[in-house]
Amino acid sequence: MTLSADLTINLKSIAHNWLLLKAKLSSGVDCGAVVKADAYGVGMESVVGALLKVGCRSFYVSRLSEA
């Protein structure tokens with residue numbers, strides 16, 4: 001038996017969720033995003049691009065080579 005699955009990533013939802021988290025922080029507090037392991041397999045370039053558009057400027061990786 002072969003199983004398959006499709007994964008749909010909504011980049012607008014990722015950006016929206018980041019904005020919701022940022023809104024809960026005090027003024028002047030940085031809100032970053034963890035994008036290690038190719039944004040957990042989603043695609044670092046796509047995720048970072050979506051987050052950059054809404055103002056995220058701090059990104060965290062697990063290895064220097066991912067930066």
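**A walk through the model**

The protein chain has a mean pLDDT of 94, and 100% of its residues reach 70 or more; pLDDT is the predictor's confidence in each residue, from 0 to 100. This is a predicted model, where local features need pLDDT of at least 70, side-chain atom pairs count only at pLDDT 80 or more, and totals for chains, interfaces and linings use all residues. Residues are numbered from 1 along each chain as its sequence is written, and side-chain values use heavy atoms, with hydrogens and water left out.

Confidence is lowest in helix H2 (residues 36-40), at a mean of 91, and highest in H1, at 97. Those labels come from DSSP runs, numbered from the N terminus: helices are H or I with at least four residues, and strands are E with at least two.

Let's stay with H2 for a moment. Ala37 lies in this helix, and its phi is near 55°, a positive value in a residue other than glycine. Asp38 also sits in H2 and has a positive phi of about 55°, although it isn't a glycine either. Ala37 is partly exposed because its relative accessible area is 41%, and Asp38 is partly exposed with 41% as well. (Buried means under 20% relative accessible area, exposed over 50%, and partly exposed in between, using a 1.4 Å probe and protein chains only.)

Now hop over to H1, where you'll find His16. At 44% relative accessibility, His16 counts as partly exposed. His16 and Val54 are 38 residues apart in sequence, yet their C-alpha atoms are 8.4 Å apart in space.

Next, look for the largest pocket, which has a volume of about 170 Å³. Its lining includes Ile14, Trp18, Leu21, Tyr40 and Leu51. H1, strand E1 (33-34), H2 and helix H3 (44-53) each give two or more residues to that lining, and H1 gives the most, with 3 residues. On a 1 Å grid over the protein atoms alone, a pocket is an open set of points where a 1.4 Å probe fits, with protein on both sides within 12 Å along at least five of seven lines; lining residues have an atom within 4 Å of a point. The volume is the space filled by probe spheres set on the points, which are joined across faces, edges and corners.

Last stop: Leu7, in the segment before helix H1 (11-23). Leu7 is exposed, with a relative accessible area of 70%.
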